[in-house]
Amino acid sequence: MENRKETTIEERKLVIKLSNEGRSVSAETVRRVLRKAGYNGRVARKKPLIGKRNRVKRLKFAKEHILISQQFWNEVIFSDESKFNIFGSDGRRMVWRKPNTSHHPKHTIPTVKHGDGSVMVWGCMAAPGVGKLVFIDGVMHKMAYLNILQNNLKENADKLGLGSNFLFQQDNDPKHTAFVVKEWLLYHYRNQLNTPPQSPNLNVIENLWSHLERAVQKHQITSKEQLKSVLQEEWLNIDPDTPRHLVELMPRRLEAVISTKGSGDSRRVAIMDFGAPLAIGEVYLKITMSSFLGFCEWNTRNRRREKTGEKKRTSKRGEKSSEKRRADRLRKRRGESQSFAR
C-alpha cells in the first residue's frame, strides 16, 4: 500500500477555503508554502482543555502570587501521585529504525495483559529536596489518601527541615478535596497553597515525575517488585539541586500563565489563522492570504512550464529596456576608454 502523507486539519481547512473561492490548490502545495515560511509538521502536544472559568481562576492565582518572594515558594511542600509502568510510559514513544524492521525487539514496546505492569506512588518535594516515596497498593480512595497524609506529611516536613512552618500543596483531585481530608488538614495543617483546577504546570512535582521516569527507563525491568526497587533507588538518587531549581522557576511559570491569559504555559501553539500573527515561542510570523495566493499562482505557472517545456515569456518592453541598458553600458565604457587615451 502506498504511504501517503497525513494532511493536517489546517491544511484541509485552507484547501477547502481556496476551493470555495474558485482556486484549486493541493495539500502538498500548502505544505510547501508552510515549509518555506519556516514551519515544520510536528505531532501536536496533548494538553488538558482549560475551560473559561478555570482560565479566570488560573489568571487570578498567578497575579496574586507573581510578586511573592522566593522564600515563600521555598516553604511550600508540593505533592502528587503518579503511575509508572514496567515497560515505560503509556504515551507515544519514538524510535529510529531502518525500513522493514518495525517488529524487531529493539523497536517494539512490550505490553502486559490486564494492566498488571504498573505501580502507583505518592510523593512530595520542596526546595530542600524530596520527601518519602509511598507505594500505593490497591485502589486509591479518599481514606487511603488520608492515611498517607497522616503517616507521612509530618515526617516529610521534618526530613526537609521545614518543621511546622510550611504550606501544603495538592491538586484538586476529588480524593484530595473530600470532606474528611479537608477537615483533617484544617485541624492539623491550616497553611495550604490552593492552586486552581487544571494547573499541572503550577505543581513542580510533575516535572520531577518526568525526571524520575527517564531515570527508571534506563533499567531493564521485568517485574513489579523490581520496578518498586528501581523507583526507590532513583528517587533517593535525585540531586538536591533538581527540586531547588524547579521551585526557583515558579515565578516564571506564573509569568507564563499571565502572558497566555490563563490558558497555558509559555509554549504557544500556532493556529493557522492566515492574515493574523502566528506565535511559536518567541518568534512571530505573519503570512497574508494575498502573498500565499501569489506564491500559489507563481508555483502553478512554473509547474506548467516544466511539464510542457514552455520557456518563460519576456515582454517586448522588457526586451527593449534590457537592450537599452546594454547599449548605455557599452557607450559608457567607450567614453571612459577615450578619456584615458587622451
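A: Ring pairs need a rule before anything else: rings of Phe, Tyr and Trp (its six-membered ring) pair if their centres lie within 6.5 Å, and planes under 30 degrees apart count as stacked, over 60 as edge-to-face and the rest as tilted. This is a predicted model, where local features need pLDDT of at least 70, side-chain atom pairs count only at pLDDT 80 or more, and totals for chains, interfaces and linings use all residues. Residues are numbered from 1 along each chain as its sequence is written, and side-chain values use heavy atoms, with hydrogens and water left out.

Q: How many aromatic pairs does that rule give?
A: The count is 5 aromatic pairs. One of them is Phe84 with Trp209, edge-to-face, at 6.0 Å centre to centre and 70° between the planes. Phe84 sits in strand β1 (residues 76–85) and Trp209 in helix α7 (residues 205–216), so the pair links parts of the chain 125 residues apart. Helices (H or I, at least four residues) and strands (E, at least two) are DSSP runs, numbered from the N terminus.

Q: Are Phe84 and Trp209 buried or exposed?
A: Both are buried. Buried means under 20% relative accessible area, exposed over 50%, and partly exposed in between (1.4 Å probe, protein chains only).

Q: Which tilted pair is there?
A: Phe166 and Tyr189 form a tilted pair, 5.3 Å centre to centre with 40° between the planes. Phe166 is in the loop between α5 (142–159) and β5 (167–170), and Tyr189 is in the loop between α6 (179–188) and β6, 23 residues apart.

Q: Why does Phe166 count as buried?
A: Because its relative accessibility is 3%. Tyr189 is buried too, with a relative accessible area of 15%.

Q: Which residues do ring pairs link into a cluster?
A: Phe84, Trp209 and Trp235.

Q: Moving on to the largest nonpolar core: which residues touch the most other members?
A: Of its 34 residues, those are Trp73, Phe78, Met125, Leu208, Trp209, Leu231 and Trp235. A nonpolar core is a set of buried Ala, Val, Leu, Ile, Met, Phe, Trp, Tyr and Cys residues joined through side-chain atoms within 4.5 Å. Helix α7 gives the most to this core, with 5 residues.

Q: What is Leu231 in contact with?
A: Leaving aside neighbours within four places in sequence, Leu231 is in contact with Phe84, Val119, Val121, Leu133, Phe135, Leu212 and Val216. Contact means heavy atoms within 4.5 Å.

Q: Now α3. Which of its residues are buried?
A: Asn54, Arg58, Leu59, Phe61, Ala62 and His65 are buried in α3. They lie on the same side of α3 because they cover an arc of only 160° around the axis, the arc being that of the directions from the helix axis to the C-beta atoms. On the other side, Lys52, Arg53, Val56, Lys60 and Lys63 are exposed.

Q: What do the buried ones pack against?
A: The buried residues of α3 pack against α4 (70–74), β6 (192–194) and α10 (250–259).

Q: What is the average pLDDT?
A: The chain averages 76, and 67% of the residues score at least 70; pLDDT is the predictor's confidence in each residue, from 0 to 100. Over residues 266–289 the pLDDT is below 50, and this stretch has 39 contacts in the model beyond near neighbours in sequence.
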